[in-house]
Amino acid sequence: RTVQGVAWPAVSRRYRPLADRCVKREELDDVLRQMAGELSALHVFVYGGAYVDPAHGHPEAVAAREAGYLGVVTRRDAAAGGHVVTEVLAPDPDWDAVRDVPVYVPLSDRTLRMSGQRGVVPGDVIVAVDGESVWDVPDANVLLRGTAGCAVRLEV
């Protein structure tokens with residue numbers, strides 16, 4: 001039997017020794033993700049099992065793990081003193097809609113000019129998020145945890 005042209009029984013035999021060594025559900029999920037990766041298929045997920053909802057339904061815990069999204073590509077640059085914006089992502093009008101209303105990138109000029117602000121452009125340097133330096137964390141996205149749906153203050 002094959003799945004996506006992959007001999008699934010052979011994949012199962014190859015990963016079985018790893019699965020047998022798993023002690024925690026997270027380890028088994030990792031093995032299952034690796035197996036699914038053999039399919040080279042989109043939209044294959046591993047979730048559930050012993051941890052259906054790690055936040056156990058507590059709204060505060062759920063919100064704390066939801067990261068915000070700036071809609072830009074950056075690169076860390078010591079000489080510039082922060083994260084240099086290399087690209088402002090453009091939404092796909094066919095896919096990025098909520099209730100048939102277009103969703104814009106949070107930092108784009110198109111979104112911010114409605115509030116009298118200027119959007120970021122390639123070459124701008126993000127130095128802090130909500131007053132915290134992007135250099136104080138290994139990845140600036142850490143500063144966006146718990147900010148989904150919230151306004152954040154960027155120092156550019």
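The questions below concern a predicted model.

Q: Over how many bridges do strands β3 and β4 pair?
A: Strand β3 covers residues 72-77 and strand β4 covers residues 82-88. The two form a hairpin with 4 residues between them. Their pairing is antiparallel, and the number of bridges is 6.

Q: Which residue in the turn of the β3-β4 hairpin has a positive phi?
A: The turn belongs to the hairpin formed by β3 and β4. A phi of about 80° is found there, and the residue that has it is G81.

Q: Which residue in β7 is the bridge partner of V84?
A: V84 is the bridge partner, in β4, of R75. β4 also pairs in the antiparallel sense with strand β7, residues 125-126, over 2 bridges. In β7, the partner of V84 is V125.

Q: Is D77 buried or exposed?
A: D77 is found in strand β3. A residue counts as buried under 20% relative accessible area. The value for D77 is 17%, so D77 is buried.

Q: Which backbone nitrogen does the side chain of D77 reach?
A: The side chain of D77 makes a polar contact with the side chain of R75 at 2.7 Å. The side chain of D77 also reaches a backbone nitrogen at 3.0 Å, and that nitrogen belongs to A80.

Q: Leaving aside neighbours within four places in sequence, which residues is D77 in contact with?
A: V125 lies 48 residues from D77 along the chain, and their C-alpha atoms are separated by 8.8 Å. Contact requires heavy atoms within 4.5 Å. With sequence neighbours within four places left aside, the residues in contact with D77 are G82, V84 and W135.

Q: Is H83 buried or exposed?
A: H83 lies in strand β4. Not counting residues up to four places away in sequence, H83 touches several residues, including R75, V125, V134 and A140. The relative accessible area of H83 is 9%, and since under 20% counts as buried, H83 is buried.

Q: Which side chain makes a polar contact with the side chain of H83?
A: Among the residues that H83 touches are T74, R76, D124 and I126. The polar contact between side chains is at 3.4 Å, and the partner of H83 is T74.

Q: Which strands stand at the edges of the open sheet of 3 strands?
A: The order in this sheet is β9-β8-β10, with antiparallel pairing. Each edge strand has a single partner strand, so one side of each is left without a neighbour in the sheet; the edge strands are β9 and β10.

Q: Which residue in β9 is the bridge partner of V129?
A: Strand β8 consists of residues 128-129 and pairs with β9 in the antiparallel sense over 2 bridges. In β9, the bridge partner of V129 is E132.

Q: Which residue has its backbone oxygen 2.5 Å from a polar atom of the side chain of T147?
A: T147 is placed in the loop between β9 (132-133) and β10 (154-155). T147 counts as buried because its relative accessibility is 11%. The backbone oxygen at 2.5 Å from its side chain belongs to L144.

Q: How many residues of the lining of the largest pocket are nonpolar?
A: The largest pocket holds about 440 Å³ of space. Its lining has 22 residues, and P106, L107, L112, V152 and L154 lie nearest the centre. The lining includes 6 polar and 3 charged residues, and the number of nonpolar residues is 13.

Technical notes: Residues are numbered from 1 along each chain as its sequence is written. This is a predicted model: local features need pLDDT of at least 70, side-chain atom pairs count only at pLDDT 80 or more; totals for chains, interfaces and linings use all residues. Side-chain values use heavy atoms; hydrogens and water are left out. Buried means under 20% relative accessible area, exposed over 50%, partly exposed in between (1.4 Å probe, protein chains only). A polar contact is a pair of N or O atoms within 3.5 Å; within protein, one must be able to donate a hydrogen and the other to accept it, and residues adjacent in sequence count only if both atoms are side-chain atoms. On a 1 Å grid over the protein atoms alone, a cavity is a set of points where a 1.4 Å probe fits but cannot get out, and a pocket is an open set with protein on both sides within 12 Å along at least five of seven lines; lining residues have an atom within 4 Å of a point. Grid points are joined across faces, edges and corners, and a volume is the space filled by probe spheres set on the points. Ala, Val, Leu, Ile, Met, Phe, Trp, Tyr, Cys and Pro count as nonpolar, Asp, Glu, Lys and Arg as charged, and the others, Gly among them, as polar. Two strands pair if DSSP finds at least two bridges between them.
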